[in-house]
Amino acid sequence: YTIRIDQNFGSKDRLFGRYWTDNPQADSVSGTMPILPTNFSNINIKNRSLTFNNTYTISPNFLSQTTFAYSTVRQNYGSAGPFENFQTVGINGWDTDGVPQTPPTFRIAAYNLNMEANNPSQMFDTNYLFSQNLTWIHGRHSVKFGFDFGRYTAFYGAGPGGNGRGSGTFFFNGSFTGDALADFVLGLPSNLNRSDILPIPLSSNTYAGFVQDDFKVSRRLTLN
């Protein structure tokens with residue numbers, strides 16, 4: 001939904017404001033054998049933005065414009081759990097530090113069977129902007145000057161709660177028994193891969209200033 005305000009405070013002062021929010025969601029299922037709760041996932045996105053703009057006439061030839069803007073996107077993807085410790089079912093060495101993690105994915109070649117976990121991921125972006133502009137009209141000159149300040153912060157993470165734990169994948173291709181499904185039943189994978197992703201925090205500040213003069217040289221020529 002959107003909320004907007006437009007208010008005049010006398011003939012010299014005007015305020016504009018707008019707030020917007022949105023929360024799209026979607027559900028999905030991964031793999032051809034959805035057995036565990038972690039095979040089901042949810043995409044939850046929260047969008048927010050806020051803007052204020054003030055225009056103030058200081059004098060007939062002097063104008064001030066002030067703007068503040070804020071926006072944020074918070075996206076969570078994946079299963080909310082519960083996250084089981086797969087060492088309890090005999091996969092030794094999987095839980096190395098006792099933190100929550102999604103179960104591994106099992107891929108069984110030739111049978112097109114896979115039990116795939118949705119490893120959670122997080123993406124949080126936030127932007128701030130402040131801008132101050134002034135316009136001064138003097139004779140044949142129209143001078144504009146001002147500055148902007150912006151701040152950007154973000155966090156990108158994977159795994160439950162952003163702990164970086166990847167789900168990993170066991171592959172079964174029949175290299176032990178000649179049948180991929182038999183290898184799966186016996187717990188004899190052909191290979192395993194797993195990677196952990198460290199959380200990525202980001203931030204930056206930006207500054208900008210400008211001066212501009214529109215000089216009316218004649219009725220037919222303006223120099224910027």
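Me: How many salt bridges does a search of the whole structure find?
Reply: A salt bridge here is a side-chain nitrogen of Lys or Arg within 4 Å of a carboxyl oxygen of Asp or Glu. The model is predicted, so local features need pLDDT of at least 70 and side-chain atom pairs count only at pLDDT 80 or more, while totals for chains, interfaces and linings use all residues. Residues are numbered from 1 along each chain as its sequence is written, and side-chain values use heavy atoms, with hydrogens and water left out. Searched in this way, the whole structure gives a count of two.

Me: Which residues are linked in a network of salt bridges?
Reply: Side chains of opposite charge can pair when their charged atoms come close. Arg 4 and Asp 6 form a salt bridge with closest N and O atoms 3.0 Å apart. Asp 6 also takes part in a salt bridge with Arg 14, where the closest N and O atoms are 3.2 Å apart. The network links Arg 4, Asp 6 and Arg 14.

Me: In strand β9, what is the bridge partner of Phe 124?
Reply: Strands are DSSP runs (E, at least two residues) numbered from the N terminus, and two of them pair if DSSP finds at least two bridges between them. Strand β8 (residues 121-138) pairs antiparallel with β5 (residues 62-78) over 16 bridges, and there Phe 124 is the bridge partner of Arg 74. With β9 (residues 141-158), β8 runs antiparallel and is joined by 18 bridges. In β9 the partner of Phe 124 is Phe 155.

Me: Which residue in the turn between β8 and β9 has a positive phi?
Reply: The two strands form a hairpin with two residues between them. The phi in question is about 60° and belongs to Gly 139.

Me: With which side chain does the side chain of Asp 125 make a polar contact?
Reply: Asp 125 lies in strand β8 and is buried yet has no salt bridge, the nearest side chain of opposite charge, Arg 74, being 9.4 Å away. Lys and Arg count as positive and Asp and Glu as negative; His and the chain ends are not counted. A polar contact is a pair of N or O atoms within 3.5 Å; within protein, one must be able to donate a hydrogen and the other to accept it, and residues adjacent in sequence count only if both atoms are side-chain atoms. For Asp 125 the distance is 3.1 Å and the partner is Tyr 156.

Definitions and conventions: Helix = DSSP H or I, 4+ residues; strand = E, 2+ residues; numbered from the N terminus. Buried < 20%, exposed > 50% of the residue type's maximum accessible area, 1.4 Å probe, protein only.
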